[in-house]
Amino acid sequence: MEYIYAAMILHTTEQDINEENVTKILEAAGANVDDSRVKALIAALEDVDIEEAMETTAMAAAPAAAAPVAEAAAEEEEEEEEEEEDEEQAAAAATAGLGALFG
(Lines give C-alpha, C1' and ligand atoms only; values in the text may rest on other atoms or scores of the structure.)
Protein backbone atom coordinates (compact mmCIF):
# COMPACT_ATOMS: atom_id res chain seq x y z
CA MET A 1 0.00 0.00 0.00
CA GLU A 2 2.83 2.39 0.78
CA TYR A 3 3.82 2.37 -2.91
CA ILE A 4 0.31 3.40 -3.94
CA TYR A 5 0.23 6.09 -1.27
CA ALA A 6 3.56 7.44 -2.50
CA ALA A 7 2.10 7.73 -6.00
CA MET A 8 -1.01 9.45 -4.64
CA ILE A 9 1.10 11.95 -2.70
CA LEU A 10 3.12 12.73 -5.82
CA HIS A 11 -0.06 13.16 -7.84
CA THR A 12 -1.67 15.40 -5.22
CA THR A 13 1.43 17.61 -5.00
CA GLU A 14 1.61 17.71 -8.81
CA GLN A 15 5.03 16.04 -8.91
CA ASP A 16 6.16 13.55 -11.55
CA ILE A 17 5.37 9.98 -10.61
CA ASN A 18 8.67 8.34 -11.43
CA GLU A 19 11.01 5.83 -9.82
CA GLU A 20 13.22 8.47 -8.23
CA ASN A 21 10.37 10.40 -6.59
CA VAL A 22 8.55 7.29 -5.36
CA THR A 23 11.80 5.96 -3.89
CA LYS A 24 12.46 9.29 -2.13
CA ILE A 25 9.02 9.31 -0.51
CA LEU A 26 9.27 5.71 0.63
CA GLU A 27 12.74 6.23 2.07
CA ALA A 28 11.60 9.39 3.84
CA ALA A 29 8.79 7.37 5.41
CA GLY A 30 11.28 4.78 6.61
CA ALA A 31 10.08 1.99 4.33
CA ASN A 32 12.37 -0.65 2.87
CA VAL A 33 12.25 0.11 -0.85
CA ASP A 34 12.09 -2.74 -3.35
CA ASP A 35 13.27 -1.37 -6.71
CA SER A 36 11.34 -4.01 -8.66
CA ARG A 37 8.08 -3.02 -6.92
CA VAL A 38 8.76 0.65 -7.68
CA LYS A 39 9.34 -0.20 -11.36
CA ALA A 40 6.19 -2.33 -11.44
CA LEU A 41 4.16 0.51 -9.92
CA ILE A 42 5.43 3.04 -12.45
CA ALA A 43 4.67 0.63 -15.30
CA ALA A 44 1.19 -0.12 -13.94
CA LEU A 45 0.33 3.57 -13.60
CA GLU A 46 1.53 4.46 -17.10
CA ASP A 47 -1.94 4.53 -18.70
CA VAL A 48 -4.00 5.24 -15.57
CA ASP A 49 -5.88 8.49 -14.98
CA ILE A 50 -5.09 8.77 -11.28
CA GLU A 51 -7.59 11.58 -10.65
CA GLU A 52 -10.42 9.51 -12.10
CA ALA A 53 -9.31 6.41 -10.19
CA MET A 54 -9.23 8.34 -6.90
CA GLU A 55 -12.71 9.79 -7.50
CA THR A 56 -14.16 6.41 -8.47
CA THR A 57 -12.63 4.76 -5.41
CA ALA A 58 -13.85 7.53 -3.10
CA MET A 59 -17.40 7.23 -4.43
CA ALA A 60 -17.40 3.45 -4.08
CA ALA A 61 -15.97 3.58 -0.57
CA ALA A 62 -18.51 6.06 0.82
CA PRO A 63 -21.63 3.87 0.45
CA ALA A 64 -19.70 0.81 1.57
CA ALA A 65 -18.60 2.61 4.72
CA ALA A 66 -22.13 3.82 5.44
CA ALA A 67 -23.67 0.34 5.30
CA PRO A 68 -22.07 -1.03 8.50
CA VAL A 69 -22.98 2.15 10.37
CA ALA A 70 -26.63 1.87 9.33
CA GLU A 71 -26.66 -1.81 10.20
CA ALA A 72 -25.21 -1.15 13.64
CA ALA A 73 -27.78 1.57 14.29
CA ALA A 74 -30.62 -0.78 13.32
CA GLU A 75 -29.26 -3.50 15.63
CA GLU A 76 -28.95 -1.02 18.49
CA GLU A 77 -32.53 0.15 17.98
CA GLU A 78 -33.73 -3.45 17.96
CA GLU A 79 -31.87 -4.16 21.22
CA GLU A 80 -33.43 -1.06 22.83
CA GLU A 81 -36.91 -2.24 21.79
CA GLU A 82 -36.24 -5.67 23.30
CA GLU A 83 -35.05 -4.07 26.55
CA GLU A 84 -38.21 -1.94 26.71
CA GLU A 85 -40.36 -5.05 26.19
CA ASP A 86 -38.47 -6.87 28.94
CA GLU A 87 -38.98 -3.90 31.29
CA GLU A 88 -42.71 -3.79 30.48
CA GLN A 89 -43.03 -7.52 31.14
CA ALA A 90 -41.18 -7.18 34.43
CA ALA A 91 -43.43 -4.29 35.47
CA ALA A 92 -46.54 -6.32 34.56
CA ALA A 93 -45.27 -9.28 36.57
CA ALA A 94 -44.54 -7.04 39.55
CA THR A 95 -48.02 -5.51 39.34
CA ALA A 96 -49.60 -8.97 39.18
CA GLY A 97 -47.58 -10.02 42.22
CA LEU A 98 -48.76 -6.95 44.16
CA GLY A 99 -52.35 -7.70 43.14
CA ALA A 100 -52.03 -11.21 44.56
CA LEU A 101 -50.88 -9.74 47.88
CA PHE A 102 -53.91 -7.48 48.16
CA GLY A 103 -56.39 -9.56 46.25
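Which helices do the buried residues of α3 pack against? Some notes to get you started.

1. The buried residues of α3 pack against α1 and α2; contact here is heavy atoms within 4.5 Å. Helices are DSSP runs (H or I, at least four residues), numbered from the N terminus. Bear in mind that this is a predicted model, where local features need pLDDT of at least 70, side-chain atom pairs count only at pLDDT 80 or more, and totals for chains, interfaces and linings use all residues. Residues are numbered from 1 along each chain as its sequence is written, and side-chain values use heavy atoms, with hydrogens and water left out.

2. Look at α3 itself: V38, L41 and I42 are buried there, meaning under 20% relative accessible area (1.4 Å probe, protein chains only). Seen down the axis of α3, these buried residues fall within an arc of 95 degrees, so they line one face of the helix. That arc is taken from the directions from the helix axis to the C-beta atoms.

3. Now α2, residues 19-28: N21, V22, T23 and L26 are its buried residues. They pack against α1 (2-12) and α3 (35-44). Just after α2, G30 takes a positive phi of about 85 degrees.

4. There is one salt bridge by the rule used, namely a side-chain nitrogen of Lys or Arg within 4 Å of a carboxyl oxygen of Asp or Glu. K24 and E20 form it, at 3.3 Å from N to O. Both sit in α2, four residues apart, about one turn of the helix. E20 is exposed at 51% relative accessible area (exposed is over 50%, partly exposed lies between that and the buried cut-off), while K24 is partly exposed at 47%.

Technical notes:
Helix = DSSP H or I, 4+ residues; strand = E, 2+ residues; numbered from the N terminus.
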